[in-house]
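Please read each point with the structure open beside the text.

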Amino acid sequence: MTDRRDQAAVRLTRADLDALPNYVPGRSPADLARELGLPEAIKLASNEVPYGPLPGVVEAVAEAVAGAHRYPDMGVVALRQALAERYGVDADRVATGCGSVALAEHLVRATCLPGDELVYSWRSFEAYPIIAATSGATSVQVPNDGGHGHDLAAMAAAVTDRTRMILVCNPNNPTGTAVRRAELDRFLDAVPDDVLVVIDEAYREFVTDPEVPDGLSYADRPNVAVLRTLSKAWGLAGLRIGFLVAQPQVAAAVRKVVTPFSTSMAAQAGALAALAQADEVHRRCALVVAERERVGEALTKLVPGVPASQANFVWLPLGDRSVEFGKACESRGVIVRPFPGDGVRVTIGTPTENDAFLAATEAALG
Ligand SMILES: Cc1ncc(COP(=O)(O)O)c(C=O)c1O
């Protein structure tokens, strides 16, 4: 038996995890407000929609948690049926998860064995490399093009006989760029049939460019899966619920590897209530889009090369100045999301919040 003194030197966990970044919690607005002596601080760092839960959600969740001593429906039958009806597919093609980030992980688990390759654009959603690594898959990162978007031709060219899955983040987090129909058509035609293409559409509801296709229009292709979330436009980030639409065999494989009962009863009830509020979601998304255009226009005068966004955030390609800019915004009570050495992602908030962000930007860069 190892001596207690030597135990610190004993490795109990996988060495390859050392290469992954530790989770760094975002700055709490309450702490920042206290530090700055302000009544409140503004958080524009997590791509949430600022208008609170949709009408009926809080009541539905409260009613559901009265049965919190019971397990939730593991088959998520009612919610899968409601999603299937809303999106015009059979319920056996739908799987739900604890946020779409969990479903992305389940998809990798369902497609990749250790050493198999997962292709994605970079920079993109920061969870992708972590998901690949924890699943034992090999990340193949294809650099974004000069406009901060996916280079789909290069991604197709990166496919090898080890590639099992490709993630297309549309619109792309954190740059807000979106791939268009003609290029996606060409890409899907080029990808071999035995590679699963996952179109991650966490921000689909904010897309206004008619040339950016709805991923669901490709969902009848056997090797396409579409990931959506109720965290953003549908206002349920804290309840953790995402879903995917894929061929029945892929959806069934995901349901096999999903962590049992991970779609909680509160999430199921809240999601059902939210889905009844589609008109309100459209109204809120229109507000976000109007603000996105206003903020985007103001930013182009202050920061060169800001890409047009199709999501509920904007990307400032500030390179080495990103961290410093993040700190400057914080000093004025606005929390944004810097990616060191690369850029800063800023979520679109209410008009007042956006004005505060623009004032901070003007002060920092103007
Ligand atoms: C591109 C993308 N996919 C998936 C997710 C995961 O969202 P959730 O797990 O809240 O559904 C996010 C969240 O930021 C995202 O940006």
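This is a predicted model: local features need pLDDT of at least 70, side-chain atom pairs count only at pLDDT 80 or more; totals for chains, interfaces and linings use all residues.

1. Residues are numbered from 1 along each chain as its sequence is written, and side-chain values use heavy atoms, with hydrogens and water left out.

2. Helix H5 spans residues 127-134 (helices, H or I of at least four residues, and strands, E of at least two, are DSSP runs numbered from the N terminus). Its buried residues are Ala127, Tyr128, Pro129, Ile131 and Ala132, where buried means under 20% relative accessible area, exposed over 50% and partly exposed in between, with a 1.4 Å probe and protein chains only. These buried residues pack against helix H4 (100-111) and against strands E3 (117-122), E4 (138-143), E5 (163-169) and E6 (196-200), contact being heavy atoms within 4.5 Å. Glycine 136, which follows H5, has a positive phi near 85°.

3. The count of salt bridges comes to 20, each being a side-chain nitrogen of Lys or Arg within 4 Å of a carboxyl oxygen of Asp or Glu. One of them joins arginine 93 to aspartate 220, with the closest N and O atoms 3.0 Å apart. Because arginine 93 lies in the loop between helix H3 (77-87) and strand E2 (94-97), and aspartate 220 in the loop between E6 and strand E7 (224-229), the pair ties together parts that are 127 residues apart in sequence. Arginine 93 is buried, at 9% relative accessible area, whereas aspartate 220 is exposed, at 63%.

4. Arginine 162 forms a salt bridge with aspartate 116, the closest N and O atoms again being 3.0 Å apart. Arginine 162 is in the loop between helix H6 (152-157) and E5, and aspartate 116 in the loop between H4 and E3, so this pair links parts 46 residues apart in sequence. Arginine 162 counts as partly exposed at 38% relative accessibility, and aspartate 116 as buried at 8%.

5. On the surface, Tyr71, Met74 and Phe261 form a nonpolar patch with about 370 Å² of accessible area together. Patch residues have over 30% relative accessible area and no salt bridge, with like charges joined within 9 Å and nonpolar side chains (Val, Leu, Ile, Met, Phe, Trp, Tyr) within 5 Å; accessible areas come from the Shrake-Rupley method with a 1.4 Å probe, and for residues only the protein chains shown count as cover. Phenylalanine 261 lies in the loop between helix H8 (248-257) and helix H9 (265-275), and counts as partly exposed at 34% relative accessibility.
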